[in-house]
Amino acid sequence: MPLLLLDLDNTLVDRAAAFRRWAEDFVGVHGAGSEAEIEWLVDADRDGYESRDRLLQLMGERFGLSPLALGQLEQDLRQGMADRLIVDARIPEALRAARDAGWVPFVVTNGAVQQQERKLRVTGLDAEVAGWVISEAAGVMKPDPRIFQAAAEVAGWSLSDAWMIGDSAEADIQGAYLLGLPSIWVDRGRTWQHASFAPTLVASDCSDAIHLLLGMSRSKTGPPNGISRA
């Protein structure tokens, strides 16, 4: 039963879409409601990679927020917009298919424990995976190989025959590469930019990635040479 290591944000859940919905609501209340302000906020978030403290500061300056509004904003940012996440129905279906095929789905995610666990529970994905490791609790972040090793220890499985699926080239795919694990990059319409490492396969979303892997398992085919697209 091999481990199927899975990223959370923008892999199992569409964090980008949830943040945009949150941004639209926020700008509607605190800004002029213009598309330009929404785009500024989405850009400032940097797909979730801007620190929450820095984003809080930028938004306070941009929108002239009162201390009370800043306090509420901080809480919203810490919760990670979990209440605005909408799970693609194909994701839990794919996870069940993976379990039925003998895989052990396990989440490996960077972020704060409270925030990431909230996302898993609000979406119901906590019931669809065998468990998770979050960087804040692990004390290391992807792509550090130790967080993947911690996931294997918590899951009680070996990394032998494990695969990694994720949308971040630097965190997910590089992390797999450093451990010698095959990987599937969820490209979200992007082009691969790195010459020093590469995913084994490329898929447009997580569901397609899982079914691609299951198809390979059923046909007993090994990973291809070079990057292949689902």
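Predicted model: local features only at pLDDT ≥ 70, side-chain atom pairs only at ≥ 80, totals over all residues.
Residues are numbered from 1 along each chain as its sequence is written, and side-chain values use heavy atoms, with hydrogens and water left out.

Let us begin with the aromatic rings. A pair of aromatic rings is described by the distance of the centres and the angle of the planes. Here, rings of Phe, Tyr and Trp (its six-membered ring) pair if their centres lie within 6.5 Å; planes under 30 degrees apart count as stacked, over 60 as edge-to-face and the rest as tilted. The structure holds seven such pairs. In one of them, the ring centres of Phe19 and Trp22 are 5.5 Å apart and the planes meet at 35 degrees, so this pair is tilted. Both residues belong to helix α1 (residues 15-30), where they sit three residues apart, about one turn of the helix. Helices (H or I, at least four residues) and strands (E, at least two) are DSSP runs, numbered from the N terminus.

Trp185 is buried at 4% relative accessibility, and Trp192 is buried at 17%.

Gly31 lies between α1 and α2, and its C-alpha is 6.5 Å from that of Phe63, although the two are 32 residues apart in sequence. Contact means heavy atoms within 4.5 Å; leaving aside neighbours within four places in sequence, Gly31 is in contact with Phe26, Glu37 and Phe63. Gly31 itself is partly exposed, with a relative accessible area of 26%.

Other loops hold some backbone details. Asp47, in the loop between α2 (35-45) and α3 (52-63), has a positive phi of about 60 degrees although it is not a glycine. Asp161, in the loop between α8 and β4 (163-166), likewise has a positive phi, near 70 degrees. Asp47 is partly exposed at 28%, whereas Asp161 is exposed at 59%. In the loop between α7 (135-138) and α8 (145-155) you will find Pro143, and the peptide bond from Lys142 to Pro143 is cis, with omega near 15 degrees.

Our last stop is the interior. In soluble globular proteins, nonpolar side chains tend to be buried together. A nonpolar core is a set of buried Ala, Val, Leu, Ile, Met, Phe, Trp, Tyr and Cys residues joined through side-chain atoms within 4.5 Å. The largest one has 29 residues, of which Leu4, Leu12, Ile165 and Ile210 touch the most other members. Helix α10 (206-219) is among the elements that give two or more residues to this core, and α10 gives the most, with six. Apart from this core lies another, of 18 residues, among them Val133, Ile147, Met164 and Ala176.

Terms used: Buried < 20%, exposed > 50% of the residue type's maximum accessible area, 1.4 Å probe, protein only.
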